[in-house]
Amino acid sequence: LVLALAALALRWRVHRLVHRQRQLEIQVHERTCELEEASLTDPLTGLRNRRYFTEHIDTDVAWAVRRHDEARRHGRPPTDDADLVFVLVDIDHFKRVNDLHGHAVGDAALCHVAHCLQGALRESDTLVRWGGEEFLIVARGLARAWAPELAERVRRSVHDLPFTLPEGTEMRCTVSIGFAAFPIGPGQPQAQGWSDAIRVADAALYLAKSGGRDGWAGVV
């Protein structure tokens with residue numbers, strides 16, 4: 001009986017140790033996932049960051065190239081959902097906001113614009129904090145002909161919703177937008193990469209800025 005009780009006690013202790021080890025493994029896995037998620041997220045706005053973009057964009061690009069290649073092989077035009085559209089969004093006169101109201105208000109304005117942009121996008125689109133006061137939208141499966149409509153919807157989402165300052169007064173933010181469709185040349189989908197499309201979008205953004213801001217320009 002004594003030996004049986006000792007064996008039961010040993011089994012119970014081993015069971016407790018195994019259970020504790022499993023709990024520790026689960027906690028380590030959850031913590032690892034949290035750290036990985038944090039590394040892909042902008043801490044201020046909660047949006048995805050550049051690292052997330054660079055880790056996922058190749059899959060989207062390969063999908064678009066494949067759709068265009070298939071259409072070309074079969075001698076037909078690409079379907080409307082075969083394109084990617086890259087949209088760069090820059091807050092107008094953001095330095096002035098920081099200089100006049102302080103960086104805390106500037107951070108709040110960034111979060112406000114991020115919220116406006118999210119409301120203008122589809123669930124399948126990705127919104128990235130690109131850097132500073134600049135955001136990048138990756139619109140998947142959006143026909144390039146609809147890119148101007150997307151740009152205008154994004155512009156109005158910020159223009160039409162004033163930002164409330166801490167003292168209660170309202171300030172209207174505006175954004176300038178540049179966009180480019182990918183593949184840049186539908187007939188040769190592998191001739192340029194996504195970085196080329198973003199450079200085109202950046203040039204279009206500069207054109208929108210030089211044209212008076214609170215507007216958009218792009219290449220389809």
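Rings of Phe, Tyr and Trp (for Trp, its six-membered ring) count as a pair if their centres lie within 6.5 Å, and planes under 30 degrees apart are called stacked, over 60 edge-to-face and the rest tilted. Keep in mind that this is a predicted model, in which local features need pLDDT of at least 70 and side-chain atom pairs count only at pLDDT 80 or more, while totals for chains, interfaces and linings use all residues. Residues are numbered from 1 along each chain as its sequence is written, and side-chain values use heavy atoms, with hydrogens and water left out.

The search of the whole structure finds four aromatic pairs. Phe53 and Phe86 make an edge-to-face pair, 6.5 Å centre to centre with 75 degrees between the planes, and this pair links helix H2 (residues 50-73), which holds Phe53, to strand S1 (residues 84-91), which holds Phe86, 33 residues apart.

Trp194 belongs to helix H6 (residues 194-210) and is 141 residues from Phe53.

Now colour by accessibility, where buried means under 20% relative accessible area, exposed over 50% and partly exposed in between (1.4 Å probe, protein chains only). Phe53 counts as buried because its relative accessibility is 4%, whereas Trp194, at 24%, is partly exposed.

Finally, select Arg50, which lies over the face of Trp130 at 3.8 Å from the ring centre; the criterion is CZ of Arg, or NZ of Lys, within 6 Å of the ring centre and within 35 degrees of the ring normal.

How values were computed: Helices (H or I, at least four residues) and strands (E, at least two) are DSSP runs, numbered from the N terminus.
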